[in-house]
Amino acid sequence: MPSGTRSANSSSLLDDADQAVEKPSQHEKSNGESRGKLWMAAGLALIAFAALAFVAWTSISSWRNSPEVAARTMPVVDVETGQAFTDFRAPRGATFPFVNPKTGKATLFPAEACYWTKDGKAKFPPTYVILNDRLGKPGPTKCPDCGRNVRLFNPMPPDALMQQAWDAAQSTNKR
Ligand SMILES: [Zn+2]
């Protein structure tokens, strides 16, 4: 029925008009309220940001302490220059010789630490020695400093000797 639909249309138009008139007054009423909401949103954003930063920080620190990274971190010695890098982090999936970032040459080999001195005491820091095995050379590896045999997972001197060496190293640092 045309008349019925017309009246329905007009009533809905009236409703719209009423709402259009009401809207600004509602807005004014809720002005303080919306400012509060704004602060709440800012607070929530801050909390969200803090949570994100925390997650990022924990994931970075767990990545740093991960066994995978620890396995790639080792002392290495440059076979050409003799320079030692005590905490070298090998690139993921790389095999030695690693590239020396200073020279750009693949001359870095994993090294074993020898804490012995010639006269049977301990020293700190140790001498880093590349095993013959790693260089493809035959025979046992001799430490160039103390002349002892060096092997994989080279054993350290007894704790008492290490303590003395550590104390001595600390006092020379202080001097
Ligand atoms: Zn040695």
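The legends below describe close-up views of a predicted model.

**Figure 1. Overview of the secondary structure.** The protein has five helices and eight strands, where helices (H or I, at least four residues) and strands (E, at least two) are DSSP runs numbered from the N terminus. Read from the N terminus, the order of elements is α-α-α-β-β-β-β-β-β-α-β-β-α. Residues are numbered from 1 along each chain as its sequence is written. Because the model is predicted, local features need pLDDT of at least 70 and side-chain atom pairs count only at pLDDT 80 or more, while totals for chains, interfaces and linings use all residues.

**Figure 2. Confidence along the chain.** The pLDDT is the predictor's confidence in each residue, from 0 to 100. Its mean over the protein is 85, and 81% of the residues reach 70 or more. Confidence is lowest in helix 1 (residues 2-29), with a mean of 51, and highest in strand 4 (residues 106-110), with 97. In residues 1-5 the pLDDT is below 50, and this stretch has zero contacts in the model beyond near neighbours in sequence; two residues are in contact if their C-beta atoms, placed from the backbone, lie within 7 Å. Where pLDDT is low, the predicted coordinates should not be read in detail.

Figure 3. Strand 1 (73-78) pairs with strand 2 (residues 84-89) in the antiparallel sense over four bridges; two strands pair if DSSP finds at least two bridges between them. Val76 has Phe85 of strand 2 as its bridge partner. Five residues lie between the two strands of this hairpin, and Gly82 in the turn has a positive phi of about 80 degrees.

**Figure 4. The largest nonpolar core.** A nonpolar core is a set of buried Ala, Val, Leu, Ile, Met, Phe, Trp, Tyr and Cys residues joined through C-beta atoms within 7 Å. A residue is buried if 20 or more other C-beta atoms lie within 10 Å of its own, exposed if 12 or fewer, and partly exposed in between, with C-beta atoms placed from the backbone. The largest core holds 16 residues, of which Val76, Ala111, Cys114 and Val129 touch the most other members. Strand 1, strand 5 (112-116) and strand 6 (122-129) each supply at least two residues of this core. Leaving aside neighbours within four places in sequence, the contacts of Cys114 include Val129, Cys143 and Cys146.

**Figure 5. The surroundings of Asn149.** Asn149 lies in strand 8 (residues 149-150). This residue is partly exposed because 13 other C-beta atoms lie within 10 Å. Not counting residues up to four places away in sequence, Asn149 touches Pro140, Thr141 and Lys142.
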